[in-house]
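Open your viewer and get ready to select residues by number. We will take a short walk, one stop at a time.

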Amino acid sequence: MGSILQIAFKIFLLHLLLYAHNGNGGATTNPIAEENANVLKLPNMHRNNNHMMHHLDPSSLVFFTPNDLKLGKKLPIYFPMKDPPPLLSKNEANSIPFSYTHLPHLLRLFSFSPDSPQAKSMENTLKQCEIDPIKGETKVCATSLESTIDFVHKTFGLETQFRVLQTNHIEKSGVNLDNYTILSEPEEIRVPNMVACHTLPYPYRVFYCHSQKSENKLFMVSLGGDNGGRVEAVSVCHMDTSQWSKDHASFRVLETKPGASPVCHFFRADVLVYVPLPSLTST
């Protein structure tokens with residue numbers, strides 16, 4: 001167990017360094033400065049407004065509208081090029097406390113100073129995991145892959161088969177933020193429900209998994225970057241944002257407000273998107 005924690009600790013330190021230096025001309029970002037813990041950690045997108053772009057965290061450049069989903073459209077998108085933290089088994093993860101009240105013990109366990117960036121990352125993740133879901137949303141912070149599947153079974157039903165979708169970098173770009181062109185007509189994946197599991201900053205892999213009852217539209221989008229990147233990206237359009245916080249980053253990027261229009265975003269490569277398979281009786 002000790003060797004696993006040592007490996008997790010070292011990789012966590014490396015990831016914080018990668019987050020701090022985003023590979024775009026040395027610009028720095030805060031990987032855990034999320035504006036709205038109630039409404040998921042999402043990749044963010046941006047409109048063609050150069051003045052506005054200079055005042056946005058590049059990691060929030062992933063939001064767009066359904067009208068942008070068309071062949072030939074060019075969009076600035078932030079796809080971080082980094083590996084996720086290590087996965088623990090369910091038994092290993094369950095042996096480590098995971099709550100904000102245990103933060104002092106956890107900082108001692110991982111040898112982090114209370115005023116260190118790593119401590120702040122862990123604090124923010126633990127606090128986010130303990131915030132109540134918004135109306136119509138179910139969520140869990142899963143500390144193992146097995147726990148994500150437990151949540152999927154709870155959401156879809158034990159008898160429902162499912163598959164996992166992920167954004168795939170076919171050819172990696174040399175930069176995190178690039179202009180991407182939609183290379184073909186986006187393919188809508190029609191499903192009655194979905195569970196998205198986002199990786200949160202932590203010494204080992206922690207997934208913020210959630211499902212919403214409101215209408216969502218899921219798409220696979222082929223993208224080509226100006227710097228040579230090729231991406232088969234999973235994206236979702238949230239058709240009802242009326243329950244979202246008015247401070248959500250997407251509303252600043254898209255210059256809109258809760259409930260005024262759908263909000264779409266691309267999923268990062270470390271996000272697991274679970275979707276149910278059609279049942280035999282429905283075909």
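This is a predicted model: local features need pLDDT of at least 70, side-chain atom pairs count only at pLDDT 80 or more; totals for chains, interfaces and linings use all residues.

**Stop 1: Tyr204**

Select Tyr204. You are in the loop between β8 (195-200) and β9 (206-212). Is Tyr204 buried or exposed? Its relative accessibility is 0%, so Tyr204 counts as buried. Tyr204 and Leu88 are 116 residues apart along the chain, yet their C-alpha atoms are separated by 6.9 Å.

**Stop 2: Phe151**

Move to helix α6, residues 145-156, and pick out Phe151. Phe151 has 9% relative accessibility; buried means under 20%, so Phe151 counts as buried. Which residues does Phe151 touch, leaving aside neighbours within four places in sequence? Show Thr138, Lys139, Val140, Val195, Cys209, His210 and Ser211: Phe151 is in contact with each of them. Draw a distance from the C-alpha atom of Phe151 to that of Ser211.

**Stop 3: Cys129 and Cys141**

Now show the cysteine side chains. How many disulfides are there? The count comes to three. Begin with Cys129 and Cys141, joined S to S at 2.0 Å. The torsion about their S-S bond is about -90°, so this disulfide is left-handed. Cys129 lies in helix α5 (residues 117-129) and Cys141 in strand β3 (residues 137-142), so the bond ties together parts that are 12 residues apart in sequence. Cys129 is buried at 17% relative accessibility. Cys141 is buried too, at 16%.

**Stop 4: Cys197 and Cys209**

Select Cys197 and Cys209. Their sulfur atoms are 2.1 Å apart and form a disulfide. Which hand does this link have? With 115° about the S-S bond, the link of Cys197 and Cys209 is right-handed. Cys197 sits in strand β8 and Cys209 in strand β9, so the pair ties together parts that are 12 residues apart in sequence. Cys197 is buried, with a relative accessible area of 0%. Cys209 is also buried, with 0%.

**Stop 5: Cys237 and Cys264**

Finish with Cys237 and Cys264, a disulfide with its sulfur atoms 2.0 Å apart. The S-S torsion is 100°, and the link is right-handed. Cys237 lies in strand β11 (residues 230-238) and Cys264 in strand β12 (residues 263-266), so this pair ties together parts that are 27 residues apart in sequence. Both Cys237 and Cys264 are buried.

Last, zoom out. Count the bonded cysteines along the chain, and the disulfides follow the pattern 1-2, 3-4, 5-6.

How values were computed
Residues are numbered from 1 along each chain as its sequence is written. Side-chain values use heavy atoms; hydrogens and water are left out. Helices (H or I, at least four residues) and strands (E, at least two) are DSSP runs, numbered from the N terminus. Buried means under 20% relative accessible area, exposed over 50%, partly exposed in between (1.4 Å probe, protein chains only). Contact means heavy atoms within 4.5 Å. A disulfide is a pair of cysteine sulfur atoms within 2.5 Å.
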